[in-house]
Amino acid sequence: MAPDGGLLLSGAAGSRELLLLCAGFPRSGSTWLFNVMRVALQQAGMPTYAAWIDDYDEQNPAPVHLVKVHDRSPLIEEAAAIFVSTRDLRDVAASQALHDPSSDDPDEVVDHMHERLFHHGPYERRAHYHLVYEAMMRDKPGHIDEVLAKLGIDGNAQAIDDAVESLQVREPSADGRYDTTNLLLVGHVRHGGSGYYKQHLSQASTTAIERHFGAWLADHGYQTTPCAEHLVQSITNDQ
């Protein structure tokens with residue numbers, strides 16, 4: 001379905017280039033969101049050029065450009081709309097550790113999260129749509145309907161979900177890391193979950209994230225351990 005009052009595309013395609021950014025936090029469903037947008041636009045008959053930022057060709061003649069980014073980019077100033085995704089930082093770290101066990105180090109985890117939040121912050125502050133990973137995992141069709149609403153296009157949420165779920169790596173990049181069309185990583189894990197860190201991240205790294213990013217977790221609706229909350233409050237009181 002397409003709700004009334006779509007913000008972006010009703011009547012726009014074909015008249016000028018429209019730049020959409022998919023700027024999700026890494027390992028927060030950003031590739032899923034990118035593909036939902038890409039498939040929805042294609043199924044709605046919108047000529048769309050979709051790309052990862054490193055492969056992006058600004059001169060592509062398609063009227064709608066969809067670009068996936070993680071790091072800060074000057075494109076933020078040109079975007080008609082920004083779609084972001086976030087996830088519990090502890091689960092983000094656990095997902096990373098699943099692919100690279102050496103990353104499960106408290107100091108490395110904290111440095112990485114500081115860097116990622118530095119890059120993600122401007123996108124989240126300007127976001128037109130904010131996907132929360134945990135909520136998306138509970139109701140993908142419902143969140144696809146929300147994306148359709150923001151794009152202002154018709155679409156069948158279940159059909160889009162089925163199409164996205166069926167994607168595979170078929171056109172590898174030059175370095176063999178990802179598919180150049182759907183951006184799925186080789187070895188991409190589709191189904192994480194909420195509280196993933198409890199089984200897949202060390203207690204030391206979990207505690208470090210809660211201590212350094214407790215305020216972010218709380219602001220985004222995530223619970224921390226009483227010990228971590230005490231540490232965050234103590235740090236706040238000392239400032």
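A residue counts as buried under 20% relative accessible area, as exposed over 50%, and as partly exposed in between. The model is predicted.

**Exercise 1.** Classify both partners of the salt bridge between Arg 90 and Glu 210 as buried or exposed.

*Solution.* 
1. The side chains of Arg 90 and Glu 210 form a salt bridge at 2.6 Å, N to O.
2. Arg 90 belongs to helix H2 (residues 89-99) and Glu 210 to helix H8 (residues 203-219), 120 residues apart.
3. Arg 90 has a relative accessible area of 2%, so this residue is buried.
4. Glu 210 has a value of 1% and is therefore buried.
5. Asp 88 joins Arg 90 and Glu 210 in a network of salt bridges.

**Exercise 2.** Determine the accessibility class of each partner in the salt bridge of Asp 71 with Arg 116.

*Solution.* 
1. The N to O distance between these side chains is 2.7 Å.
2. Asp 71 is in the loop between S3 and S4, whereas Arg 116 is in helix H3 (residues 106-126), 45 residues away.
3. At 37% relative accessible area, Asp 71 is partly exposed.
4. At 9%, Arg 116 is buried.

**Exercise 3.** State the strand order of the sheet and identify its edge strands.

*Solution.* 
1. Five strands make up an open sheet with parallel pairing, ordered S2-S3-S1-S4-S5.
2. Strands S2 (48-52) and S5 (129-132) each pair on one side only, and these are the edges.
3. S5 pairs with strand S4 (residues 81-86) over four bridges; Val 84 has His 130 in S5 as its bridge partner.
4. Helix H5 (residues 140-151) packs on the sheet, touching S1, S4 and S5.

Conventions: Residues numbered from 1 in each chain as written. Predicted model: local features only at pLDDT ≥ 70, side-chain atom pairs only at ≥ 80, totals over all residues. Heavy atoms only, no water. Pairing = 2+ DSSP bridges. Helix = DSSP H or I, 4+ residues; strand = E, 2+ residues; numbered from the N terminus. Contact = heavy atoms within 4.5 Å. Axes fitted to C-alpha atoms, helices over the stretch in contact; angles between N-to-C directions. Salt bridge = Lys/Arg side-chain N within 4 Å of Asp/Glu carboxyl O. Buried < 20%, exposed > 50% of the residue type's maximum accessible area, 1.4 Å probe, protein only.
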